[in-house]
Amino acid sequence: MLTRKQYELLMFIQERLADTGVSPSFEEMKEALGLKSKSGIHRLITGLEEREFIRRLPHRARALEILKLPENAESAGLGSRSGFSPTVISNDEYAPPLPSGNFDGGVESVPLPLYGKIAAGTPIEALRDQSNAVEIPVSMLGGGEHYALEVDGDSMVDAGILDGDTVIIQRCDNAETGAIVVALIDENEVTLKRFRKKSQSIALEPANAAYETRIFGPDRVKVQGKLIGLLRRY
């Protein structure tokens, strides 16, 4: 059973192979499916590979082989989307957590964009630099879009988050109270803090007694993601 996005990617790869004999690039796949990051494409390809619809050819860049197509696609003709009626998971954006495993002898991983340091005065959108990425085990990721940030400072040390750590963030625009989030304050300051909402106020709480909790009105704070994992080098 394929998700709709998996089906769309499979048919796009098939069409490109039939037309040119060359697999599309990850950037072309991302644009064709309307996704915001290449990490989503990596997850879709891994899902198709696990279901034995495609195979990655070793030692060759951009080399994918179609092993099979859904039955309805085969009956409608290779590469045709006009006959689309497969059994799909109803939530188009559903992306289940992928299990960890071995890939080319190592831990299976996907690259996430590493936007930079969480620094005051710089909105997350301005940090985007697609040239930097960090490899993350797929077992750390759930559904949705993710990105990585480097921690700058010691305001969250009592939560086990140290200066220089790489935090894995799941993109979202709301969070439950008590979650550690990336918060955008007044459209120009980004910080990693514990999120607490009380009545009409939002508290951004550090995990270090040397720093004070900051209180804001709800219109001054936007959640841009929540912490789901952390990487550290020793």
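User: If contact means heavy atoms within 4.5 Å, which elements do the buried residues of α3 pack against?
Analyst: This is a predicted model, in which local features need pLDDT of at least 70 and side-chain atom pairs count only at pLDDT 80 or more, whereas totals for chains, interfaces and linings use all residues. Residues are numbered from 1 along each chain as its sequence is written, and side-chain values use heavy atoms, with hydrogens and water left out. Helices (H or I, at least four residues) and strands (E, at least two) are DSSP runs numbered from the N terminus. The packing partners of the buried α3 residues are α1 (4-20), α2 (26-33), β1, β2 (64-66), β5 (109-117) and β7 (146-150).

User: How many of the 13 residues of α3 are buried?
Analyst: Buried means under 20% relative accessible area, exposed over 50%, and partly exposed in between, with a 1.4 Å probe and protein chains only. The buried residues of α3 include Ser39, Gly40, His42, Arg43 and Thr46. The helix is largely enclosed by the rest of the structure, because the number of its 13 residues that are buried is 10.

User: How far apart are the end C-alpha atoms of α3?
Analyst: The expected span of a helix is 1.5 Å times one less than its number of residues. For the 13 residues of α3 this span is 18 Å, and it agrees with the distance between the end C-alpha atoms, which is 18 Å.

User: Is glutamate 52 buried or exposed?
Analyst: Glutamate 52 lies in the loop between α3 and β1 (54-56). Its phi is positive, near 60°, in a residue other than glycine. With a relative accessible area of 53%, glutamate 52 is exposed.

User: What is the phi of aspartate 186 in the turn between β9 and β10?
Analyst: Strand β9 (residues 180-185) and strand β10 (residues 189-198) run antiparallel, joined by six bridges. Valine 181 faces lysine 193 of β10. Three residues separate the two strands of this hairpin, and the phi of aspartate 186 in the turn is positive, about 55°.

User: Which residue of β13 stands opposite alanine 183?
Analyst: Strand β13 (residues 221-231) pairs in the antiparallel sense with strand β8 (residues 166-170) over five bridges, and valine 167 stands opposite leucine 230. β9 is also antiparallel to β13, and five bridges join them. In β13, the residue opposite alanine 183 is valine 223.

Methods: Two strands pair if DSSP finds at least two bridges between them. Contact means heavy atoms within 4.5 Å.
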